[in-house]
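User: I'd like to learn how to read salt bridges in a model. Could you walk me through them?

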Amino acid sequence: MDTRGRFITLEGGEGVGKTTNVELVCRFLSERGIEVVRTREPGGTPRAEAIRGLLLDPDIDEPLDDDAELLLVFAARAQHLARCIRPALARGAWVVCDRFTDATFAYQGGGRGLDPSRIATLEHLVQGELTPDLTLLLDMPADAAQQRLASRIDDQGGQRDRFERERLGFFTRVRDAYLTRAEAAPERFAVIDAGQSLEAVQASIVTTLERQLGQGPAKEGG
C-alpha cells in the first residue's frame, strides 16, 4: 500500500494573498491530524534559501541574466526536493509549498519570455515525474494585485524585492501564463478568485481541500 503524503502548492502573482492562505491550508490539515510540512520556493532549506537571497536581492550591483535566473531557480528546487519535499512525502507527510514549478513557467516563461520547452527540460531533469496533487491558483487582475502589494509594503515599511520591482506588463504576462497552465491541467488546478473578500477566498479553499481529502497520494513515477 502506498503511504506517501500529498503535495499541495499555492501559486499566484505578487499581492494575491498566498502567505495568509498557506497558513489556512496548514491549519486545516493539522486540525485533522495530518503531519504538515510548510515550505516555500525558492527556498525551503538553508542552501536553497541562500539561492533565494541571490534571486530576490535588488541591491546587488550586477544585472542577473535571464538564463542564470532560471538555472538558480532550478538549483534551489533540486536541493529543496532532495532535502525537504521528497523525504516528507516518503514518510507520509503532506507538503504545503508556497510556489513550485508553475511559478517558473509563469515568471521565467511568461514574465521573462523564456522558451517553455527549455523550462520543461529542466523540470524533467530536476523533478522527474513528481507533480503536485493540487495547485491552488490565487488569481486576480495584475493591476489590482499591484495595488494590494503597494499597500502591504507601505504598511510594513519594507522595500520591494527584485521581482516586486517589475512593471505591470511583466505581472500581466505572469498571470496569463498561470491561467494558461491552469486551463491545460484542470484536474490539478483550482483557480480561486483572490479579488473576493478574505472570507470568500478561504471558504473556496476549504471546499477544495475537503474534496482533496478523498484523493490519492502524490503523483510520482507515472
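**Reading the salt bridges**

Analyst: Happy to! In this predicted model, the structure holds 14 salt bridges. Let's take a few in turn.

User: Which residue does Glu-49 meet in a salt bridge?

Analyst: The partner is Arg-40, with N and O 2.7 Å apart.

User: What about Arg-32 and Glu-31: how are their side chains connected?

Analyst: They meet in a salt bridge, at 4.0 Å from N to O. The cut-off for this contact is within 4 Å. Arg-32 is partly exposed, with 41% relative accessibility, whereas Glu-31, at 59%, counts as exposed.

User: Is Arg-112 buried or exposed?

Analyst: Buried: its relative accessibility is 18%, and the class covers values under 20%. Arg-112 has a salt bridge to Asp-66, where the closest N and O atoms are 4.0 Å apart. Asp-66 sits in helix H3 (residues 66–90) and Arg-112 in the loop between helix H4 (101–111) and helix H5 (116–127), so this pair ties together parts 46 residues apart in sequence. Asp-66 itself is partly exposed, at 30%.

User: Which residues do salt bridges with shared partners join into one network here?

Analyst: That network consists of Asp-66, Glu-69, Arg-112, Arg-162 and Glu-166. When you read a pair such as Arg-112 and Asp-66, then, follow the shared partners as well.

Methods
Residues are numbered from 1 along each chain as its sequence is written. This is a predicted model: local features need pLDDT of at least 70, side-chain atom pairs count only at pLDDT 80 or more; totals for chains, interfaces and linings use all residues. Side-chain values use heavy atoms; hydrogens and water are left out. Buried means under 20% relative accessible area, exposed over 50%, partly exposed in between (1.4 Å probe, protein chains only). Helices (H or I, at least four residues) and strands (E, at least two) are DSSP runs, numbered from the N terminus.
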